[in-house]
Amino acid sequence: MERKKIILDCDPGHDDAVAILLAGGSPALELLGITVVAGNQTLENTQRNARQVVQWLGLQVPVFAGCGQPMVREKMTAGDIHGKTGLDGPAFPPLVCPLEQEHAVAFLVRTLLASEGDITVVTTGPMTNLAMALRLEPRIAEKIQRIVLMGGSCGSGNVSPAAEFNILADPEAAHVCFTAGRPITMVGLDVTRKALCYPAVVERMGRVGNEASRLFVELMGHFCRTQKEVFGWEGGPLHDPVTIAWLLDPTVLTTRPMNVRIDIGGGQSYGRTNCDGFDYLRLPHNADVAVEIDVEKFWDIIEAGLRRYGA
């Protein structure tokens, strides 16, 4: 079986950490590199968090630090959810996993230009790194097989009535990516809010009984507690791994082709993903938008991902 080549661009983040876990252990995916952006926390924190997860899991994947601030707007973080480090909860051992010296944007440009157009770029944080790469070297657009992002919403946001965090953290970057002319799968709040990590799910994953399972349980201890404090949910929505789950099994999501435009006007709806699900505007479809999720199948994929790691 030919492995699907991916680059994972993220801002760890508890749910990003689970996305790394799922992608790094899958025999169906070839994780070429992890590029890191500021988002859930500062770049100093997110790049360290990515390396801590890679080290914990024993992955041989290079980690590249990228952009520490958005293209235009002021920087925002999500410390209320992810804590002071961005990955509060687990007690990580001393960090020895190296950080690559090459900038994440340079890695994206170099790797995509050298490719056969067979690389999927998965973004689970603000889209700054990918947007900057597209602006720096427009020729990479035709080399991107597909962009798969966790971000946006057809309905309400999670940091404003209109906007989801990853898009609002850098709307201009999302605009660049959505107008790049490449196939896009948008995995937004419409489906990820249904992937709630209830206590029974945490207990189920804990029974796997390996180091990956232990990391999952320790991550969810903090993540689910803050989600309840902020949103009142009994289980935290595990947003980011849904992107990887879809790559592993496309039947986990139902998608619909739509025209999606990013509000970069700076008003009350700044950062909104305007999804024209009814073709009101008669504009070309530029994204496949996830509208339904098979939650049971999603948790089966997560458990299978945990079991791929040794004891």
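Visitor: Which residues of helix 9 meet helix 12?
Guide: This is a predicted model. In it, Val201, Arg204 and Met205 of helix 9 meet helix 12, where their counterparts are Trp299, Asp300, Ile302, Glu303 and Leu306.

Visitor: At what angle do the axes of helix 9 and helix 12 cross?
Guide: Roughly 30°, and the axes come within 10 Å. Helix 9 is therefore roughly parallel to helix 12. Helix 9 covers residues 199-206, and helix 12 covers residues 295-307.

Visitor: Is the crossing of helix 9 and helix 12 left-handed or right-handed?
Guide: Helix 9 passes helix 12 in a right-handed crossing.

Visitor: What is the partner of strand 10, and in which sense do they pair?
Guide: Strand 9, residues 253-262, pairs with strand 10 in the antiparallel sense over four bridges. One place to look is Val260, whose bridge partner in strand 10 is Cys275.

Visitor: Which residues are on which side of strand 4?
Guide: Ile119, Val121 and Thr123 are on one side, and Thr120 and Val122 are on the other. Both faces are covered, with all of these residues buried. As a general point, side chains in a regular strand alternate between the two faces of the sheet.

Visitor: What does strand 4 pair with?
Guide: Strand 1 (residues 4-10) pairs with strand 4 in the parallel sense over five bridges. Ile6 stands opposite Thr120 there. Strand 4 is also joined to strand 5 (residues 144-150) by five bridges, and these two run parallel. Ile119 has Ile144 of strand 5 as its bridge partner, and Val122 stands opposite Val148.

Visitor: How does the chain cross from strand 4 to strand 5?
Guide: Through helix 5, residues 128-136, in a right-handed β-α-β crossover.

Visitor: Which residues are buried in helix 5?
Guide: Thr128, Asn129, Leu130, Ala131, Ala133 and Leu134 are buried in helix 5. Their cover includes strand 1, strand 2 (29-36), strand 4 and strand 5, along with helix 4 (104-113) and helix 7 (171-178).

Visitor: Back to strand 5. How many of its residues are buried?
Guide: Five of its seven residues, and strand 5 is mostly covered. Strand 5 also pairs with strand 6 (residues 184-187), in the parallel sense and over four bridges. In that pairing, Met150 has Val187 in strand 6 as its bridge partner.

Visitor: Why does Thr46 count as buried?
Guide: Because its relative accessible area is 0%, and buried means under 20%.

Visitor: What is Thr46 in contact with?
Guide: Leaving aside neighbours within four places in sequence, Thr46 is in contact with Asp11, Pro12, Val36, Val37, Ala38 and Gln41.

Visitor: And Asn45, is it buried or exposed?
Guide: Asn45 is also placed in helix 2. Asn45 counts as buried because its relative accessibility is 12%. Not counting residues up to four places away in sequence, Asn45 touches Lys84 and Thr85.

Visitor: How many residues apart in sequence are Asn45 and Pro241, and what is the distance in space?
Guide: They are 196 residues apart in sequence and 20 Å apart in space, C-alpha to C-alpha.

Technical notes
Residues numbered from 1 in each chain as written. Predicted model: local features only at pLDDT ≥ 70, side-chain atom pairs only at ≥ 80, totals over all residues. Heavy atoms only, no water. Buried < 20%, exposed > 50% of the residue type's maximum accessible area, 1.4 Å probe, protein only. Pairing = 2+ DSSP bridges. Right-handed = clockwise from strand over helix to strand, strands pointing away. Axes fitted to C-alpha atoms, helices over the stretch in contact; angles between N-to-C directions. Parallel < 35°, antiparallel > 145°, perpendicular 65-115°, else oblique. Left-handed = near helix turned anticlockwise from the far one by under 90°. Contact = heavy atoms within 4.5 Å.
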